[in-house]
Every structure is written in structure tokens, then in C-alpha cells.
Amino acid sequence: MIRRRPQLLWLLLPYLLFVVALPFVNRVPLFVLWLFGATLVTPVAVGVARRGDRS
């Protein structure tokens, strides 16, 4: 399915941003800012995937 619709890979971006943040929960002082940025990136990534997936 991904070979025919590679634009759906954009949907992995928000997931990866949240998963990458997990090891740094108690170490990074800007953790809340990271999560806020990941939350803002989520609708953008979904929009890009939707725009590219016009089938």
C-alpha cells in the first residue's frame, strides 16, 4: 500500500515526534515545548498527506 501511496508516510511524522520525546521526559527542560511543537505539526502532516492522496 505504501508503494502505491508514499504520501501516507507523512502520517508517521507526528507519531515519531511523540515517540522520540519519550526517553527525554525527565531530562529535557523544554519537553513541553517539544510536545507543543509536535502537536502543531500533526495537522500539517495530515493535511500534506491528504493533499497528496487524492485517490
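Biologist: Which residues is Gln7 in contact with, leaving aside its neighbours within four places in sequence?
Modeller: Those would be Ala49, Gly52 and Asp53. Keep in mind that this is a predicted model.
Biologist: And where does Gln7 lie?
Modeller: In the segment before α1, the helix that covers 12-21.
Biologist: Okay, is Gln7 buried or exposed?
Modeller: Buried, because its relative accessibility is 18% and the cut-off is under 20%.
Biologist: Now α2. Which of its residues are buried?
Modeller: Phe31, Ala38, Ala45 and Ala49 are the buried ones in α2. Ala49 also turns up among the contacts of Gln7.
Biologist: What covers those buried residues of α2?
Modeller: The cover includes α1.
Biologist: How does the span of α2 compare with what it should be?
Modeller: It agrees: α2 has 22 residues, 31-52, so at 1.5 Å a residue it should span 32 Å, and the end C-alpha atoms are 31 Å apart.
Biologist: Switching to the whole chain, how many helices and strands are there?
Modeller: Two helices and zero strands.
Biologist: What about the radius of gyration?
Modeller: The chain has 14 Å, whereas a compact globule of 55 residues would be near 10 Å. Along the principal axes, the C-alpha trace spans about 45 × 20 × 5 Å.
Biologist: What share of the residues counts as buried?
Modeller: 16% of the 55. As for the accessible surface, it's about 4,600 Å², with 71% belonging to carbon and sulfur atoms.

Conventions. Residues are numbered from 1 along each chain as its sequence is written. This is a predicted model: local features need pLDDT of at least 70, side-chain atom pairs count only at pLDDT 80 or more; totals for chains, interfaces and linings use all residues. Side-chain values use heavy atoms; hydrogens and water are left out. Helices (H or I, at least four residues) and strands (E, at least two) are DSSP runs, numbered from the N terminus. The radius of gyration is taken over C-alpha atoms; the globule rule is 2.2 Å times the number of residues to the power 0.38. Buried means under 20% relative accessible area, exposed over 50%, partly exposed in between (1.4 Å probe, protein chains only). Accessible areas come from the Shrake-Rupley method with a 1.4 Å probe; for residues, only the protein chains shown count as cover. Contact means heavy atoms within 4.5 Å. The expected span of a helix is 1.5 Å times one less than its number of residues.
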